[in-house]
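Please put the sequence and model on screen.

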Amino acid sequence: MSDNQPTWRLKTPPPEAALTRAEQERLARRLEVSPLLVHLLSLRGLTSEGDMDKFLSPGLRYLHPLDRWPGIEAGAELLRQAVESGRRIAVWGDYDVDGITATALVKDFMAARGIDILHFIPDRLDFGYGLHLEGIRDLAEKGVGLLLTVDCGIANTEEIRAARELGMQVIVTDHHLPGQELPDADIIINPKLEGWPSPNLSGVGVSFLLMGALNRILPGPQADIRDFLDLVALGTVADVVPLDDQNRILVKNGLLLIKEGRRFGIQALKEISGMTPEESVGTGAIGFALAPRINAAGRIGDPDLAVRLLLEKNRDEARIMAEQLDRLNTKRKVEEQRILEEAIAQAESQLHLPGLVLHSEHWHSGIIGIVASRIVERFHRPCLILTKENGIFKGSGRSTPTFDLYQALLSCKQCLYKFGGHRQAAGLKLEPFQLSNLKDLFAWAVEEQLGANPAPPVLELDAELPFSFIDHTFLKELELLQPYGQGNPRPIFLSPPLSILRHRFFSQKKHLELHLSDTTDGTSLRAVAWRQGERWQDTPLEGRRVKIAYTPRLSKFNGLMQIELAVQEILAVE
Ligand SMILES: [Mn+2]
């Protein structure tokens with residue numbers, strides 16, 4: 001029925017987490033959930049009642065104690081000394097949501113403890129990610145005696161040397177992969193370094209721990225450090241780090257604060273995104289509503305606007321700033337659509353290659369990263385997108401789940417001027433004459449990792465779920481698995497054979513609505529296949545027998561909360 005259909009596969013628990021039917025039922029009784037939910041937990045590698053309970057109710061008491069995170073207490077001590085000796089402190093962040101929330105967190109916490117600090121966020125277009133000498137000199141002139149980096153700095157050996165020569169103490173907090181040479185900073189705090197109990201913390205998560213440790217040793221009454229978890233949740237979710245263990249605890253508790261909307265900046269962002277001030281916010285809503293608006297500032301405007309919004313203590317001012325961000329975001333969307341169309345056209349001419357390298361002289365460098373994600377979603381292969389800026393190519397790459405993009409760039413490094421990032425996302429710069437070398441080396445690197453004929457994409461399904469099982473109780477239970485993200489994907493279920501009762505396309509035929517009947521138990525439900533309108537427009541659907549890969553949820557429809565199925569894929573049944 002459709003091109004590029006992934007292979008469907010039912011997940012099985014890892015061998016050590018496999019449960020017998022009786023064990024499943026016993027755990028279900030103990031945890032007061034259904035056996036199906038226990039099955040979903042075992043698919044996530046959880047085996048014991050204790051681990052399952054902690055996953056379902058991840059209280060802050062489960063965070064590792066501060067002395068288990070290398071560098072945190074020493075970093076806090078250096079900050080305390082700086083405060084007490086009157087050294088001026090500056091925090092250097094980044095222009096993405098993680099870097100912006102980390103900057104805001106440090107600044108807001110310090111203000112709560114009566115300490116005024118400077119902050120600096122680099123301009124994406126002029127200097128790009130990380131520290132730069134011009135900014136360092138500027139901070140020195142302003143009398144800064146201690147530089148704290150958040151969400152960046154681990155790769156800036158030269159800039160950090162310069163800062164120290166200018167008399168600054170330097171604390172680097174970062175979560176990006178360290179290179180071979182570590183900067184010569186006073187303290188380096190990075191979850192990717194040896195000895196860290198959890199390698200997946202985001203930049204803002206690391207900042208939170210550091211401020212938590214400082215909170216305890218500063219003289220005077222402590223701030224309530226939990227008040228800053230809303231920022232941690234925003235940055236952690238937006239950075240798509242795995243929501244394992246410690247991150248899950250931070251995010252789940254932070255989302256409760258975001259729901260309360262106590263921070264005016266977050267409340268205003270919710271309102272401008274069409275939510276009520278106290279509406280509950282999941283990782284999905286952060287991903288499509290809150291994070292893009294914060295990011296828009298750094299992509300095509302001034303990232304400082306987003307920092308100021310998150311710090312704003314006046315509701316009306318916050319509203320005005322949120323409106324400004326919203327306008328930038330609308331502009332970003334228009335631009336993104338234009339670039340995407342051009343990129344798709346290029347990609348279609350490269351489908352004989354296992355990895356895509358797309359480029360233009362005039363794409364906006366703040367937007368190519370999002371476009372790369374869309375291209376990977378569509379073509380299921382790793383992708384680099386490049387644009388020319390000040391005479392050199394600047395690029396952004398995104399990966400497929402099984403591909404290590406950072407490793408691939410490492411094997412292209414002979415033709416790169418600069419690169420950095422993670423397994424799933426990376427940035428790079430190269431001289432224009434190196435473009436064809438990059439194409440060759442990248443194709444070779446992808447082939448080496450994935451083979452010449454990459455396996456078709458696989459859609460992993462959690463369990464078969466007949467329609468008659470889906471009621472409000474089950475949906476409430478399913479909510480306990482939230483927040484979803486890397487390492488804890490939203491469960492996707494396999495339906496029994498269904499028949500399509502009727503269907504319609506909506507929003508300029510962008511989306512597809514279906515009314516489906518389960519042929520095994522006769523239950524009918526309404527389903528929506530978002531962004532799949534174009535794909536199914538020319539296919540006769542009425543009366544077809546299909547199976548779907550789907551997630552049920554409660555959704556407001558015609559003013560009422562109703563069960564709605566979000567359709568991931570449709571498969572024809574012969
Ligand atoms: Mn980050």
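**Reading the fold**

Q: Is the crossing of H1 and H3 left-handed or right-handed?
A: H1 passes H3 in a right-handed crossing. The near helix is turned clockwise from the far one; a left-handed crossing has it turned anticlockwise by less than a right angle. Helices (H or I, at least four residues) and strands (E, at least two) are DSSP runs, numbered from the N terminus. This is a predicted model: local features need pLDDT of at least 70, side-chain atom pairs count only at pLDDT 80 or more, and totals for chains, interfaces and linings use all residues. Residues are numbered from 1 along each chain as its sequence is written.

Q: What angle do the axes of H1 and H3 make?
A: Two packed helices are described by the angle between their axes and the distance between the axes. Here helix H1 (residues 21-31) and helix H3 (residues 49-56) cross at roughly 45 degrees, and their axes come within 11 Å. Axes are lines fitted to C-alpha atoms, for helices over the stretch in contact, and angles run from 0 to 180 degrees between N-to-C directions. H1 and H3 are therefore oblique to each other. The cut-offs: under 35 degrees is roughly parallel, over 145 roughly antiparallel, 65 to 115 roughly perpendicular, and the rest oblique.

Q: Which residues of H1 and H3 meet?
A: From H1, look for Leu 27, Arg 30 and Leu 31; from H3, Glu 49, Met 52, Asp 53 and Leu 56. Contact needs C-beta atoms, placed from the backbone, within 7 Å. By class there are four nonpolar, no polar and three charged residues. Ala, Val, Leu, Ile, Met, Phe, Trp, Tyr, Cys and Pro count as nonpolar, Asp, Glu, Lys and Arg as charged, and the others, Gly among them, as polar.

Q: How do H14 and H15 pack?
A: Helix H14 (residues 315-348) and helix H15 (residues 368-379) have axes 10 Å apart, at an angle of about 45 degrees. That makes H14 oblique to H15. The crossing of H14 with H15 is right-handed. Among the residues that meet are Ile 339 and Leu 340 in H14, and Val 371 and Ile 375 in H15. This contact has nine nonpolar, no polar and two charged residues.

Q: In what order do the strands of the parallel sheet lie?
A: Strands of a sheet pair through backbone hydrogen bonds, either parallel or antiparallel. In this model, five strands form an open sheet with parallel pairing, in the order E3-E2-E4-E5-E6. Two strands pair if DSSP finds at least two bridges between them. Strand E3 (118-120) and strand E6 (187-189) are at the edges with a single partner strand each, so one side of each has no neighbour in the sheet. The twist averages 20 degrees from one strand to the next. Strand E2 (residues 88-92) and strand E4 (residues 144-149) are joined by five bridges. Trp 92 has Thr 149 in E4 as its bridge partner.

Q: Which strands are the edges of the mixed sheet?
A: This open sheet runs E7-E8-E9-E11-E10, with mixed pairing. Strand E7 (356-360) and strand E10 (418-421) are its edges, each pairing on one side only. E7 runs parallel to strand E8 (residues 383-389), joined by five bridges. H14 packs on this sheet, touching E7 and E8, and its direction makes about 135 degrees with that of E7.

Q: How many helices and strands are in the chain?
A: The chain has 19 helices and 19 strands.

Methods
Two residues are in contact if their C-beta atoms, placed from the backbone, lie within 7 Å.
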